[in-house]
Amino acid sequence: MSSKAARRAKFEDVFRVIRDELVDNCRKEGLPVEALEWYRANLDYNVPGGKLNRGLSVIDTAEILLGRPLSEDEYTKAAVLGWTVELLQAYFLVADDIMDSSITRRGQPCWYLSPAPAVTAPSSESITTSAHRHPAVGMVAINDAFMLNSAIYYLLRNHFKSHPRYIDLVDIFHDITYKTEMGQLVDLVTAPEGVVDLARFSLERHRLIVTYKTAYYSFHLPVALAMLMCNIPETYSVQHAKSTTTLKPYDLALSILIPLGEYFQVQDDFLDFSAPPEVLGKIGTDIVDNKCSWCVNTVMGICTPEQRLILDRNYGRKGDIEAGAEGADTEQKAQGNDGEAGGLCEKRVKELYEAVGLRKVYAEYETGVYKRLNELIDSIPEEGVIIDENGQKAQEHPGMKREVFRSFLEKIYGRSK
């Protein structure tokens with residue numbers, strides 16, 4: 001087993017412990033066996049899938065901050081925090097799939113479309129477990145999403161109630177959940193289902209969606225949780241030979257991680273257009289799905305009026321007939337290549353992206369943002385003595401480390417999928 005696989009397996013071992021802890025809590029509350037089995041299935045289906053990068057980042061960040069391997073107790077605490085991030089992700093995805101009427105997630109049916117868990121009948125005469133009576137999870141998934149979110153606060157209380165930053169841990173989850181829901185709202189009203197209107201799009205709108213819907217919970221939250229676990233204070237000073245620098249580490253982290261998260265999403269948007277399906281692992285659908293993508297917003301800013309007309313007529317359409325053309329309102333069979341999702345309409349948009357030189361624009365963007373992020377990271381002072389508010393050498397926390405942010409940046413810079 002590779003070190004990466006072993007790292008993931010160790011993290012997954014903690015999930016099984018906290019899953020049983022959550023189900024056992026419901027058992028103690030007196031829930032019937034069929035509800036316990038349903039909740040367990042909800043957790044197993046929705047939480048441990050995916051790459052787990054958000055959750056594992058909590059552990060990685062804690063180790064970097066402390067400058068050593070974590071003790072068994074520290075690892076468990078960091079892993080629990082990691083799984084609270086994955087629970088938040090699961091909550092968002094279950095709800096998002098219902099709102100978007102999505103079909104699949106991570107290569108399997110979305111939870112609300114998946115077969116309902118086979119639950120133990122309350123009596124031998126019951127027929128409520130029949131697959132015919134329970135064809136799919138359905139709208140019970142809405143309550144399942146709520147329970148995934150509420151599990152976060154149970155775990156925080158159970159594992160961190162005595163931690164000096166417990167209230168801060170609870171507060172940051174409330175704050176970032178709210179911010180992410182704001183981002184989801186902006187995304188939904190920018191590109192409502194069945195409405196294609198590029199006048200609603202802009203790079204500023206894209207930045208707002210990306211920051212609130214993705215960057216806060218995917219990049220800022222894992223690092224902030226590790227900082228709180230390691231008891232990094234709100235403010236501290238670094239004493240140099242001839243000067244003293246006062247830092248607000250949480251503000252500093254935010255100033256780096258939000259643009260890092262924006263860069264990650266811009267990268268995702270570009271790869272959806274540019275990467276071959278066999279490299280990306282899926283067929284890109286942003287054009288067909290009318291996404292407020294960095295690509296279309298960037299092209300709208302540099303294309304000619306004639307090219308803009310091509311975008312207006314073809315973006316967000318699946319098929320071969322442009323908007324406004326005869327037969328455009330009739331469902332058509334897409335005739336595009338196998339690696340395309342939307343037929344000739346998508347093909348025309350991709351050809352336009354190539355014609356305006358989007359690949360070159362992205363390459364220049366990536367070079368520039370990589371330089372700016374490295375400059376921000378290099379501004380973190382590591383040399384000197386960390387002192388507390390009384391002017392004494394601090395013993396209770398390790399201070400910020402550039403490697404926390406550089407490890408994120410190097411993982412995504414230049415990626416191809």
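Is leucine 185 buried or exposed? At 52% relative accessibility, leucine 185 counts as exposed, where exposed stands for over 50% relative accessible area, buried for under 20% and partly exposed for values in between (1.4 Å probe, protein chains only). The model is predicted, and local features need pLDDT of at least 70, side-chain atom pairs count only at pLDDT 80 or more, and totals for chains, interfaces and linings use all residues. Residues are numbered from 1 along each chain as its sequence is written, and side-chain values use heavy atoms, with hydrogens and water left out.

Leucine 185 is found in helix 6; helices (H or I, at least four residues) and strands (E, at least two) are DSSP runs numbered from the N terminus. A nonpolar surface patch is formed by Met99, Leu185, Leu188 and Val189, which together have about 330 Å² of accessible area. Helix 6 (residues 166–190) gives the largest share of this patch, three residues. Patches consist of residues with over 30% relative accessible area and no salt bridge, with like charges joined within 9 Å and nonpolar side chains (Val, Leu, Ile, Met, Phe, Trp, Tyr) within 5 Å. Accessible areas come from the Shrake-Rupley method with a 1.4 Å probe, and for residues only the protein chains shown count as cover.

A positive surface patch is made up of Lys4, Lys51, Lys282 and Lys417. Lys and Arg count as positive and Asp and Glu as negative, while His and the chain ends are not counted; the place of a charge is taken as NZ of Lys, CZ of Arg, CG of Asp or CD of Glu. Lysine 282 belongs to the loop between helix 9 (277–280) and helix 10 (294–300), and its relative accessibility of 52% makes it exposed. The loop between helix 9 and helix 10 also holds asparagine 290, which is buried at 6% relative accessible area. Asparagine 290 has a positive phi of about 60 degrees although it is not a glycine.

The structure contains 27 salt bridges, each defined as a side-chain nitrogen of Lys or Arg within 4 Å of a carboxyl oxygen of Asp or Glu. Aspartate 13 and arginine 16 form one at 2.5 Å, N to O; these residues are three apart in helix 1 (residues 3–28) and so are separated by about one helical turn. Another joins aspartate 20 and arginine 40 at 3.0 Å, N to O. Aspartate 20 lies in helix 1 and arginine 40 in helix 2 (residues 33–46), so the pair ties together parts that are 20 residues apart in sequence. A further salt bridge, at 3.7 Å, N to O, links arginine 200 and aspartate 197. Through shared partners, salt bridges join Arg19, Asp20, Arg40 and Asp44 into one network.

Aromatic pairs number 18, counting rings of Phe, Tyr and Trp (its six-membered ring) with centres within 6.5 Å; planes under 30 degrees apart are stacked, over 60 edge-to-face and the rest tilted. Phenylalanine 270 and phenylalanine 273 are edge-to-face, because their ring centres are 5.9 Å apart and their planes at 70 degrees. Both phenylalanine 270 and phenylalanine 273 are buried. Tryptophan 294 and tyrosine 362 are also edge-to-face, with centres 5.8 Å apart and planes at 75 degrees. Tryptophan 294 lies in helix 10 and tyrosine 362 in helix 13 (residues 358–378), so this pair ties together parts 68 residues apart in sequence. Tyr263, Phe270, Phe273, Trp294, Tyr353, Tyr362 and Tyr365 are linked into a cluster by ring pairs.
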